[in-house]
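Subject: Structure for your review

Dear colleague,

Please find the structure below, together with its sequence. My notes on what was found follow directly after it.

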There are 2 protein chains.
Amino acid sequence: MGPGPSDVSDRVLSAMARPTIGHLDPSFIEMMDEIKTLLQYVFQTNNQLTFAVSAPGSAGMECCFANLIEPGDEVIVCQNGVFGGRMRENVERCGGSAIMVQDEWGSAVDPTKLEEALKQNPNAVIVAFVHAETSTGVQSDAKSLVRLAHEFDCITIVDTVTSLSGTPLFVDDWEIDAIYSGSQKCLSAPPGLSPVSFNERAAKKIRTRQTKVKSWFLDLNLVMNYWGGEGKRAYHHTAPVNCLYGLHESLVMVQEEGLEAAWKRHRDNHLRLYDGLDAMGIEFVVNKADRLPQLNAVSIPNGVDDMAIRSRLLEEFNLEIGAGLGTLAGKVWRIGLMGHASTPENVDFCISSLRSVL
Amino acid sequence: MGPGPSDVSDRVLSAMARPTIGHLDPSFIEMMDEIKTLLQYVFQTNNQLTFAVSAPGSAGMECCFANLIEPGDEVIVCQNGVFGGRMRENVERCGGSAIMVQDEWGSAVDPTKLEEALKQNPNAVIVAFVHAETSTGVQSDAKSLVRLAHEFDCITIVDTVTSLSGTPLFVDDWEIDAIYSGSQKCLSAPPGLSPVSFNERAAKKIRTRQTKVKSWFLDLNLVMNYWGGEGKRAYHHTAPVNCLYGLHESLVMVQEEGLEAAWKRHRDNHLRLYDGLDAMGIEFVVNKADRLPQLNAVSIPNGVDDMAIRSRLLEEFNLEIGAGLGTLAGKVWRIGLMGHASTPENVDFCISSLRSVL
């Protein structure tokens with residue numbers, strides 16, 4: 001019950017152990033097609049360019065930035081936690097110039113600050129922000145931020161590593177241009193894959209680049225020939241076959257439950273956790289309206305030893321909860337209720353274990 | 001029995017299905033330490049900077065090039081197959097200038113050509129070549145090529161994706177500076193991880209870079225803090241936990257058999273395959289002295305339909321053999337005898353199946 005990887009179901013674990021077959025085997029190609037369709041469902045998009053990057057979420061982030069940014073591009077990055085900082089690193093390493101819009105850690109991205117930055121930087125071509133900040137448990141209003149960016153003719157890159165399938169997200173309806181996520185949060189597949197999706201606006205910017213993408217491994221102009229819809233599959237790299245078995249199974253499970261039901265389950269269990277912690281006097285970091293149901297950042301009570309409590313939870317109860325990151329290190333705990341792990345039983349177990357060690 | 005991924009043993013598949021735990025869990029960190037020690041064994045090195053990149057072999061290649069090359073660096077690339085061409089792409093995307101030394105596809109890299117190139121390009125700082133070309137089944141004399149490069153004060157990057165654990169390789173003895181491999185060939189773990197190792201000479205070049213590595217995900221100055229020996233493990237990215245379970249188990253199996261025994265087994269089964277194919281009049285592409293035991297490229301007999309035969313092998317015998325790549329497409333088959341799949345039974349099955357469909 002940390003910030004991810006979340007618990008993986010036996011069904012998905014069993015899928016991981018299926019015999020490894022070739023990445024160009026016709027049966028495997030069929031499964032890749034199914035993964036694409038299932039990812040379109042969880043992203044709520046018809047984007048053709050929807051697939052899983054063969055590496056963890058950080059590589060999915062890099063895939064978006066490396067393909068969309070050309071040297072000299074001005075990119076507005078809204079930062080309200082650790083991962084906005086990583087976005088800045090990506091922009092600069094791609095040769096772009098990052099214009100930072102800062103919000104407090106634990107607060108949602110403020111649309112008025114973004115609007116101000118867009119007005120002051122008329123040459124900006126991209127806006128990037130994190131929908132669900134894993135470091136603080138806050139969610140931002142992605143729909144409004146994207147609409148603002150589009151008013152100023154900017155393409156949007158949105159981090160949904162922690163939100164995908166845990167909280168409402170509509171890629172097409174919200175008109176998100178480029179998006180990445182991770183397999184190991186609310187999808188409850190093992191870590192190692194990063195679902196991504198690009199709309200036609202983003203794909204066009206990639207196809208018409210003046211310079212080559214700095215990464216061969218992540219160059220979508222090449223990767224598209226392997227995952228892509230048109231014609232023959234060309235070998236690009238060796239896909240992580242067994243990880244894709246796991247992701248496929250986890251996506252089938254999301255489809256069986258239904259996205260809306262999964263969102264409701266995450267919300268219900270979050271409220272149950274809130275009630276239990278509130279009764280113990282433990283406070284949430286994020287204000288009520290902006291809390292992520294799947295990642296609950298709470299203040300460590302005064303006088304309590306962070307590391308000692310987390311170690312005892314792990315050793316005595318086999319329960320992992322997350323430490324604070326960056327400026328919140330030592331000040332907060334992060335309790336994950338993600339995907340397969342978001343159950344009333346886990347909520348009750350977490351509360352009783354915490355009560356016991358405190 | 002294609003060019004990889006190779007067959008994965010039940011033991012390794014079962015390991016893939018172990019419960020996913022956190023990438024910062026103390027038990028997981030212990031396993032990472034063991035993986036490091038086991039990789040040092042299979043690479044035959046004491047290099048501290050030895051670990052598995054969290055993505056397939058192509059990303060391991062990119063990790064070496066992106067960290068070692070700075071814009072403007074002159075890099076000599078010896079090409080004798082597909083993967084030398086990919087090296088060139090990497091050099092250029094890193095802002096380096098690639099000096100190509102070409103050999104025929106199916107021939108080993110010619111040391112005299114490399115020496116000539118080194119003399120003519122006194123500003124070259126890196127020499128890169130493929131030890132075992134998966135596209136042609138040829139192995140080059142890595143020890144001699146590295147010695148030559150060092151005489152001209154160049155750092156070496158060596159691709160051992162297909163050679164590691166299938167054919168003799170001594171990183172320290174041969175003084176290889178930077179090396180990468182893949183999990184899915186002779187180690188017989190599922191694809192998705194790329195073992196790498198860097199000696200102090202390479203590490204120093206990385207630590208003293210004038211410019212930042214273009215990739216945040218692959219920047220060794222950051223990754224080292226997660227895998228590295230010194231002090232506290234810092235979170236960098238979420239490691240592909242279950243894939244690392246699989247790699248760990250596969251490395252334990254190599255250690256149990258012993259590297260020398262594994263090399264001998266690969267060689268014995270290669271000779272058995274040679275005898276069988278020779279009796280059918282099927283010829284090898286590579287001359288005898290330079291053949292890789294684990295990847296056997298043979299000429300498609302005159303008048304035989306490449307695709308039809310491979311499809312029948314797959315459908316009637318559940319047997320995959322590899323197609324030719326690049327200039328060898330349609331002209332050769334590639335028969336893999338890698339890791340767990342290198343057995344006399346597989347050799348005999350392959351020969352009888354081929355005889356049947358031909």
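The contact between the two chains takes 42 residues from chain A and 42 residues from chain B. On the side of chain A that touches chain B, α1, α3 (57-68), α4 (82-93) and α10 (241-257) each supply at least two residues. By class, the residues on that side of chain A are 17 nonpolar, 17 polar and eight charged. Please bear in mind throughout that this is a predicted model.

How are the two chains related?

Overall form of chain A

Chain A contains 13 helices and twelve strands. Its radius of gyration is 20 Å, close to the 21 Å that the globule rule gives for 358 residues, so chain A is as compact as a globular protein of that length. The C-alpha trace of chain A spans about 60 × 55 × 30 Å along its principal axes. Of the 358 residues in chain A, 56% count as buried. Among the contacts in chain A with a separation of 6 or more, 73% are made by residues 24 or more positions apart.

Chain A is divided into two parts, domain 1 (10-255) and domain 2 (258-357). The C-alpha centres of domain 1 and domain 2 of chain A lie 27 Å apart. Where these domains meet, 22 residues of domain 1 of chain A are in contact with 22 residues of domain 2 of chain A. The side of domain 1 of chain A that touches domain 2 of chain A has ten nonpolar residues, eleven polar residues and one charged residue.

Strands

I looked at strand β7 (residues 155-159) of chain A in some detail. Is this strand of chain A mostly covered or mostly uncovered? Five of the five residues of β7 in chain A are buried, and the strand is mostly covered. Both of its faces are covered: A:Ile155, A:Ile157 and A:Asp159 are buried on one side, as are A:Thr156 and A:Val158 on the other.

The pairing of β7(A) involves two further strands of chain A. Strand β4 (residues 124-130) of chain A pairs with β7(A) in the parallel sense, over five bridges. In this pairing A:Ile126 stands opposite A:Ile155 of β7(A). Strand β8 (residues 178-180) of chain A also pairs with β7(A) in the parallel sense, over three bridges. Here A:Ile179 in β8(A) is the bridge partner of A:Val158.

In chain B, three strands form an open sheet in the order β10-β12-β11, with antiparallel pairing. The edge strands of this sheet in chain B are β10 (295-299) and β11 (322-323), each of which pairs on one side only. β11(B) pairs with strand β12 (residues 332-336) of chain B in the antiparallel sense over two bridges. Within that pairing, B:Gly322 has B:Arg334 in β12(B) opposite it.

Backbone features to inspect

Most residues other than glycine have a negative phi, and most peptide bonds are trans. The following places depart from that pattern.

- The peptide bond from A:Gly4 to A:Pro5 is cis, with omega near 5°. A:Pro5 is in the segment before α1 (10-16) of chain A.
- In chain B, a cis peptide bond joins B:Gly4 and B:Pro5, with omega about 5°. B:Pro5 is placed in the segment before α1 (10-16) of chain B.
- A:Asn318 is not a glycine, yet has a positive phi of about 55°. A:Asn318 lies in the loop between α12 (306-317) and β11 (322-323) of chain A.
- B:Glu175, also a residue other than glycine, has a positive phi, near 60°. The loop that holds B:Glu175 runs between α7 (171-174) and β8 (178-180) of chain B.

B:Glu175 counts as partly exposed, because 15 C-beta neighbours lie inside 10 Å.

With kind regards

Definitions and conventions. Residues numbered from 1 in each chain as written. Chains lettered and ligands numbered in written order. Predicted model: local features only at pLDDT ≥ 70, side-chain atom pairs only at ≥ 80, totals over all residues. Helix = DSSP H or I, 4+ residues; strand = E, 2+ residues; numbered from the N terminus. Buried ≥ 20, exposed ≤ 12 C-beta atoms within 10 Å, placed from the backbone. Contact = placed C-beta atoms within 7 Å. Nonpolar A, V, L, I, M, F, W, Y, C, P; charged D, E, K, R; others polar. Domains from an automatic or database assignment. Pairing = 2+ DSSP bridges. Rg over C-alpha atoms; globule rule 2.2 N^0.38 Å.
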